[in-house]
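Colleague: Hi! Could you walk me through this one before I set anything up?

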Amino acid sequence: MTAAAARNLPALLQGLREEGYSGTVRVSGSPGGTIHLRDGLIGAVESPGAPTATSVLLTSGRIDDEAWLAACAAQRDTDRLGGHLVDAGLVGAAELEIVCTAAVFDAAFAMALGPPGGWTLGDPEPTLLAGPGVEPRRLTEETTRRIARLSGPWGSPGELARVRPAPVPDTGQRRGLPHRHLSVLSTVNGRRTARDMSFALGRGLYAVMLDLTRLETLELIRWEAGGPSGGRPSTAPRVLPGRDAAAVAQTPNGSAAPAAKAAPLPRRTPGGASRAGDGRAREGPSGEGSAEGRGAGTFPAGKSGGQGGL
């Protein structure tokens, strides 16, 4: 399977699955990301648009900083780091697989929110893997389902991801809310996007966006109009405080302007560039999966329909 032969990214990944390919697929765009394959299965997806498995484990406090750094020093092969974490008793095997697999689906969803870009194939790179790996077709179908689930009266999921919700004065509706909703509500301040909140909480972007739609339905938040004052940047930290930059995932620069619920939201300008790999590169189809029309960009839907997907 050559990069130039694939009509879109899902087709490329399916072809690489049939080949048993091991390596990386770097996808340009906004936010873009890197897909790690082992024997054709997707072991990790990393995108600036969503927390990685490493970020989730550290931000949530599931593994503390000192234990994490000690584990990284003891096992420098990141592909084998997961097994070391389990052997050291820092996390259970089943829990680690759930966290890593969830991060794969979440990053693919985040990449689908932006306009499509090109891709470049490269050599394998060490990363914390979701064993035994995810089938490309399963990832495509789940991304399509998530895009459809979050398409609503507020617009496409890509538009929802750019909104900066503001809290509504409490009139007693918070009583009885589950902890997951209360935790999201505690991060709402009119300046943070869903992505900012997911990094701050160490939770998946998709889950946070679902909770925000629920909180808006309960009239506990409102979609804030206008951009942040003074060109204020994204509130999510680039590196989690007190953590080694090489040990935790960095978050990107850049934040998009929000908009009122009743008015069309501003459009994000596509950006980003492919990083050189092994020379097999291709620009993705420019018109497929547009975030403007379908809410999914990098991973357009297959023939089965839907609004988008990996």
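Modeller: Happy to; we can go through a helix, a strand, the aromatic rings and the cysteines. This is a predicted model, so local features need pLDDT of at least 70 and side-chain atom pairs count only at pLDDT 80 or more, while totals for chains, interfaces and linings use all residues. Residues are numbered from 1 along each chain as its sequence is written, and side-chain values use heavy atoms, with hydrogens and water left out.

Colleague: Let's begin with α6. Which of the residues of α6 are buried?

Modeller: Pro136, Leu139, Thr140, Glu142, Thr143, Thr144, Arg146 and Ile147. Buried means under 20% relative accessible area, exposed over 50%, and partly exposed in between, with a 1.4 Å probe and protein chains only. Helices are DSSP runs of H or I with at least four residues, strands are runs of E with at least two, and both are numbered from the N terminus.

Colleague: And what do those buried residues pack against?

Modeller: They pack against α1 (9–19), β3 (41–46), α5 (93–112), α7 (157–162) and α10 (205–217). Contact here means heavy atoms within 4.5 Å.

Colleague: What does the side chain of Thr143 reach?

Modeller: The backbone oxygen of Leu139, at 2.8 Å. A polar contact is a pair of N or O atoms within 3.5 Å; within protein, one must be able to donate a hydrogen and the other to accept it, and residues adjacent in sequence count only if both atoms are side-chain atoms. Thr143 has a relative accessible area of 1%, so this residue is buried.

Colleague: Switching to β4: which residues sit on each side?

Modeller: Trp119 and Leu121 are on one side, Thr120 and Gly122 on the other, and all are buried. Strand β1 (residues 23–27) runs antiparallel to β4, joined by 4 bridges; strands pair if DSSP finds at least two bridges between them. Val25 has Leu121 as its bridge partner.

Colleague: How many aromatic pairs are there in the whole structure?

Modeller: The search finds 1. Phe109 and Tyr206 have ring centres 5.3 Å apart and planes at 75°, so they are edge-to-face. Phe109 is in helix α5 and Tyr206 in helix α10, 97 residues apart. Rings of Phe, Tyr and Trp (its six-membered ring) pair if their centres lie within 6.5 Å; planes under 30 degrees apart are stacked, over 60 edge-to-face, and the rest tilted.

Colleague: Last one: how many disulfides?

Modeller: 0 in the whole structure, taking a disulfide as a pair of cysteine sulfur atoms within 2.5 Å. Cys100 is buried at 3% relative accessibility, and Cys72 is partly exposed at 22%.
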